[in-house]
Amino acid sequence: MDFVDMDRIHEECGVFGIYAPAGTEVGRDIYYGLMALQHRGQESAGISISDTQGPKGNITTKKGMGLVNEVFNKKDFETLKGNIGVGHVRYSTTGGSCIENAQPIAMNYIKGSLALVHNGNIMNADEIKERQMYRGQAHFTTSDSEVLAYEIISERIRSASIEEAVIRVAGTLKGGYACIIMSPRKLVAVRDPFGIKPLVLGKRDGAFILASETAAIDAVGGQFIRDIKPGEIVTVTEDGQLLSNESLCQKHHAHCVFEYIYFARTDSVIDGILVHEARIRAGEALAKRLPVEADIVAGVPDSGLAAAEGYAKASGIPFAIAFHKNSYIGRSFIKPTDEERNSAVHMKLNVLRDVVKDKRIVLIDDSIVRGTTMKYIIEMLRLSGAKEVHVRISAPPFLYPCYYGTDVPSSGQLIASEHSYEDIRQKIGADSLAYLQIEDFKEMLGDLELCKACFDSKYPVE
């Protein structure tokens with residue numbers, strides 16, 4: 001992860017699963033699905049795959065540190081063969097960044113086998129883990145995904161089916177999560193009762209697809225069917241049926257608002273809302289609430305572009321591309337000194353001088369976390385001849401940590417938790433600064449029930 005990305009909020013993971021009961025090979029589909037989810041995690045990637053016509057326990061797994069195309073090569077798919085499988089990309093929040101914590105978690109046990117991929121955070125994982133260790137179950141990772149896998153296996157031994165075991169376990173969990181479980185003959189998925197983490201269902205021919213985002217379904221030529229309901233457990237059976245259990249569903253939901261602000265790909269549809277459209281509406285709300293006289297509106301790539309488009313549309317100020325983004329900087333480009341950090345920003349983003357010279361600029365970004373990157377970006381604009389830089393943020397100020405699998409730093413590292421707007425404006429060197437407000441979410445997302453705890457400390461799960 002480079003320095004520019006260090007000053008952003010990160011999602012924990014992306015999950016993907018596919019089952020083709022007719023026997024079609026799905027290894028490459030999982031690979032392409034993970035490529036479409038790469039933005040959700042860049043630290044590790046993995047695939048587990050099986051043949052439902054073969055013996056139980058015939059799971060083949062490959063995982064490693066790095067991007068999807070760094071972990072897998074063409075030769076891997078000579079062994080990653082089968083018609084059912086799951087895949088994962090990871091950014092660590094619970095558990096460190098190491099190969100031991102890479103997913104899928106694949107295990108053989110007395111009743112067969114299991115491979116699990118998980119996005120989110122199980123808040124009561126430590127107490128569950130302690131019970132497991134007293135039962136003699138050794139743990140080889142520091143992630144809550146292993147805790148979840150052990151718990152499902154323990155329940156499966158006492159249950160008539162894998163879906164029954166998942167239902168029992170899910171009823172004990174606290175947190176935000178989306179999980180896909182591959183058994184020898186079934187694919188099971190569960191979404192937390194509040195719907196904090198996204199999970200969608202698609203189909204291609206006779207194959208069912210489950211993924212964190214619709215973009216991954218599109219990537220493998222599938223057709224989006226619907227979102228998995230908050231609290232719903234779905235099972236794809238050996239004979240190609242789709243079963244649904246809604247016993248954990250509840251009336252009130254709390255979808256993570258940051259999926260729409262930053263996490264999800266702009267072309268994804270989550271809980272009925274196109275992410276790109278939500279970001280445009282955020283920009284429009286910013287322009288109505290926080291107008292400023294300027295010559296151009298520019299977004300910080302990539303997450304600020306759609307909101308900048310919306311701001312320009314509502315304000316009548318021309319939209320401009322003011323930066324070239326270098327997408328090929330190594331993830332490990334982390335530098336310790338201020339001078340080297342400034343160089344890191346320059347390597348990631350370069351200003352188009354002719355666009356910004358002698359211009360008053362409205363600069364749109366999705367968030368300010370620590371403030372360091374925004375400060376350097378503004379300096380770059382001024383060195384390129386910008387007359388004024390007015391910063392508009394398409395999210396409220398981050399004030400509180402997240403406990404559901406989103407990497408919001410502690411409050412002491414959040415610049416807005418200890419500084420006024422005016423202090424922040426001076427620190428980053430902007431001519432003016434303003435944020436979207438919580439009440440603007442209605443214009444952005446309608447009546448969708450949201451988790452906004454990182455902004456207002458109202459946590460749906462305690």
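Thr24 is in contact with Gly82 and Asn83, leaving aside its neighbours within four places in sequence. Contact here means heavy atoms within 4.5 Å. Thr24 lies in the loop between strand S2 (13–19) and helix H2 (27–36). Helices (H or I, at least four residues) and strands (E, at least two) are DSSP runs, numbered from the N terminus. Thr24 counts as partly exposed because its relative accessibility is 43%. Buried means under 20% relative accessible area, exposed means over 50%, and partly exposed lies in between (1.4 Å probe, protein chains only). Thr24 and Ala264 are 240 residues apart along the chain, and their C-alpha atoms are separated by 29 Å.

The model is predicted: local features need pLDDT of at least 70, side-chain atom pairs count only at pLDDT 80 or more, and totals for chains, interfaces and linings use all residues. Residues are numbered from 1 along each chain as its sequence is written, and side-chain values use heavy atoms, with hydrogens and water left out.

Strand S3 (residues 44–50) is mostly covered, with seven of its seven residues buried. Both faces are covered. Ser44, Gly46, Ser48 and Ser50 are buried on one side, and Ala45, Ile47 and Ile49 on the other. S3 runs antiparallel to strand S4 (residues 60–65), and six bridges join the two. Two strands pair if DSSP finds at least two bridges between them. Within this pairing, Ile49 stands opposite Thr60 in S4. S3 also runs antiparallel to S5, here over seven bridges. The bridge partner of Gly46 in S5 is His88.

The loop between strand S5 (84–90) and strand S6 (105–109) holds Pro104. The peptide bond from Gln103 to Pro104 is cis, with omega near 10 degrees. Another cis peptide bond runs from Pro301 to Asp302, with omega near -10 degrees. Asp302 lies in the loop between strand S18 (296–299) and H10.

Strand S10 (residues 200–204) is mostly covered, and four of its five residues are buried. S10 pairs in the antiparallel sense with strand S12 (residues 223–227) over four bridges. Lys203 has Gln223 in S12 as its bridge partner. S10 also pairs in the antiparallel sense with strand S11 (residues 207–211), over five bridges. Val200 stands opposite Ala211 in S11. S10 and S11 form a hairpin with two residues between them. Asp205 is in the turn. Its phi is positive, about 55 degrees, although Asp205 is not a glycine. Asp205 counts as exposed because its relative accessibility is 73%.

Ser457 also has a positive phi, of about 65 degrees, and is not a glycine. Ser457 is placed in the segment after H17. With a relative accessible area of 33%, Ser457 is partly exposed.

In soluble globular proteins, nonpolar side chains tend to be buried together. The largest nonpolar core in this model has 48 residues. A nonpolar core is a set of buried Ala, Val, Leu, Ile, Met, Phe, Trp, Tyr and Cys residues joined through side-chain atoms within 4.5 Å. The residues with the most contacts inside the largest core are Phe258, Tyr260, Ile261, Tyr311, Met444, Leu445 and Phe455. The elements that give two or more residues to this core are helix H8 (258–263), helix H9 (275–289), helix H10 (305–315), strand S21 (360–365), helix H16 (441–445), strand S25 (450–451) and helix H17 (453–456). H9 gives the most, with six residues. Leaving aside its neighbours within four places in sequence, Met444 is in contact with Tyr260, Ile261, Ala278, Arg281, Ala282 and Leu436. A second, separate core has 28 residues, including Val389, Ile393, Ala416 and Leu433.

Phe319 is found in the loop between H10 and strand S19 (323–325). At 36% relative accessibility, Phe319 counts as partly exposed.
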